[in-house]
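The sequence and structure are shown first.

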Amino acid sequence: MIDFSLTPELAELKDRTAAFVRDVVMAYEADPRQNPHGPTDELRSDLVARAAEAGLLSPHLPSEWGGLGLPHVGKAIVFEEAGYSPLGPVALAIAAPDEGNGHLLERVADADQKERYLRPLALGQVRSAFAMTEPDGGAGSDPSMLRTEARETSDGWAINGRKWLISGAEGAAYFMIMARTFDTAGADQGATIFLADAGSPGLEVGELLDTMDSNLVAGHSVVDFRDLYVRRHQVLGAVGQGFRNAQVRLAPARLTHCMRWLGAARRCHDEAVAYARERQAFGKPIGEHEGVGFQLADNLVDLHLCRLAIWQCAWVLDQGGDARVESSVAKLHCSEALGRVVDRSLQVLGGLGITSRTAVRRTYEDIRAFRIYDGPSEVHRWSIARSILKG
Ligand SMILES: Cc1cc2nc3c(=O)[nH]c(=O)nc-3n(C[C@H](O)[C@H](O)[C@H](O)COP(=O)(O)OP(=O)(O)OC[C@H]3O[C@@H](n4cnc5c(N)ncnc54)[C@H](O)[C@@H]3O)c2cc1C
């Protein structure tokens with residue numbers, strides 16, 4: 001039986017996270033160290049220092065790496081509270097792609113790789129990037145179209161290819177690179193994830209894309225590999241196991257997006273409710289007009305059902321289930337329902353909603369991409385349909 005009652009420790013952590021976001025993080029929302037490509041690294045460092053002081057850094061990672069060791073249901077509680085401010089996930093070092101990358105390193109990396117890459121990430125000292133998607137007909141919704149190649153040499157591989165939409169690439173300390181791997185005889189050995197430090201010869205972060213979202217540090221960039229030379233100790237997991245290892249990251253990372261966006265959508269709803277109580281039109285508060293009241297009711301239903309979908313999937317993951325279908329269901333439902341919550345909240349706020357005086361405008365612009373990354377809605381519907389038909 002699923003038991004969602006909170007332990008006293010988790011209830012205390014939930015309250016502490018909510019208070020930290022409300023009393024500390026939200027004060028930074030007007031900080032000028034933010035631009036169309038997200039918060040600057042300087043702002044991120046300040047926020048991380050505050051979260052470290054509050055004992056809230058890296059709640060998703062085990063305590064041996066400086067985290068709080070939360071299970072998936074625990075993450076659902078804390079990440080929702082962090083997501084209440086666009087800067088909350090940045091402060092706690094649980095924003096994408098670092099959160100998913102940390103999880104993957106913790107599960108797949110060897111001891112040396114963990115020390116070198118996971119420890120500074122968990123302490124919020126560095127950022128990382130995950131380089132999978134390619135422009136011009138390469139890997140996207142269909143990862144098997146991977147074009148970036150790693151060709152074996154006498155003591156490593158030479159990587160060539162182009163990636164794009166790579167979040168946080170500018171200023172990242174290291175990259176996880178998915179490449180199709182060929183041995184010295186030219187035989188295709190499948191996809192492999194390689195770890196490469198920023199600044200390695202042959203690794204070049206190019207155009208910083210002009211995108212509609214601005215919630216992640218350093219936005220999204222094009223990254224080129226021109227004879228980027230990597231050695232054997234830079235393989236994450238095993239050669240040919242890239243897609244299998246990406247699966248380790250996939251379900252939890254999808255779900256943590258849902259958790260953070262749930263908090264963000266709840267904030268928008270709260271701001272809409274406050275306005276609907278105060279703002280008068282046609283002789284009464286606008287919330288008392290059915291057209292507004294019903295939008296708030298639909299918001300509450302969407303928020304509630306998203307939370308249930310997240311907690312159910314988190315529970316399956318905590319039981320050791322692979323949760324591929326559950327995470328697809330949660331991701332599909334949350335990306336669409338939470339987008340509706342934000343859209344309705346903006347409508348309730350009227351003209352105020354399109355200004356930056358509330359969090360709604362920013363969230364509206366940021367949340368749209370959630371229906372595309374980590375699998376577009378159509379791909380999730382397609383894969384859920386396949387699992388239904390398989391029985
Ligand atoms: C904000 C943001 C951050 C990102 N960060 C990263 C990152 O850090 N690292 C990284 O590697 N990638 C990143 N991506 C890329 C992301 O993973 C891809 O955008 C996503 O996988 C979709 O691939 P695509 O853009 O090539 O779309 P395409 O593959 O070109 O698909 C276009 C559209 O076709 C439709 N479609 C595709 N397949 C099907 C199907 N089977 N049935 C029905 N319709 C279908 C969908 O509507 C889809 O939106 C990011 C993207 C965004 C928007």
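How far apart do the C-alpha centres of domain 2 and domain 3 lie? They lie 31 Å apart. This is a predicted model, in which local features need pLDDT of at least 70 and side-chain atom pairs count only at pLDDT 80 or more, while totals for chains, interfaces and linings use all residues. Residues are numbered from 1 along each chain as its sequence is written.

**Domains**

The chain is divided into domain 1 (8-122), domain 2 (128-240) and domain 3 (243-390), with bounds that come from an automatic or database domain assignment.

**Ligand shell**

Around the ligand there are 19 residues, counted where the C-beta atom, placed from the backbone, lies within 6 Å of the molecule. Those that come nearest are Met132, Gly140, Ser141, Pro376 and Glu378. Domain 2 and domain 3 each provide at least three residues of the shell, which by class comprises 12 nonpolar, five polar and two charged residues. Strand S3 (128-131), strand S5 (156-167) and helix H11 (377-390) each supply at least two residues. Helices (H or I, at least four residues) and strands (E, at least two) are DSSP runs, numbered from the N terminus.

**Paired strands**

Two strands pair if DSSP finds at least two bridges between them. The table lists two such pairings.

| Strands | Sense | Bridges | Partner residues |
|---|---|---|---|
| S6 (174-182) and S7 (188-197) | antiparallel | nine | Thr181 and Gly190 |

S6 and S7 form a hairpin with five residues between them. In its turn, Gly186 has a positive phi of about 90°.

**Helix H3**

Helix H3 (residues 72-82) is mostly covered, with 11 of its 11 residues buried. A residue is buried if 20 or more other C-beta atoms, placed from the backbone, lie within 10 Å of its own. The buried residues include His72, Lys75, Phe79, Glu80 and Glu81. Their cover includes helix H1 (8-23), helix H4 (88-91), helix H7 (242-278) and helix H8 (290-318).

How values were computed:
Nonpolar A, V, L, I, M, F, W, Y, C, P; charged D, E, K, R; others polar. Buried ≥ 20, exposed ≤ 12 C-beta atoms within 10 Å, placed from the backbone. Contact = placed C-beta atoms within 7 Å.
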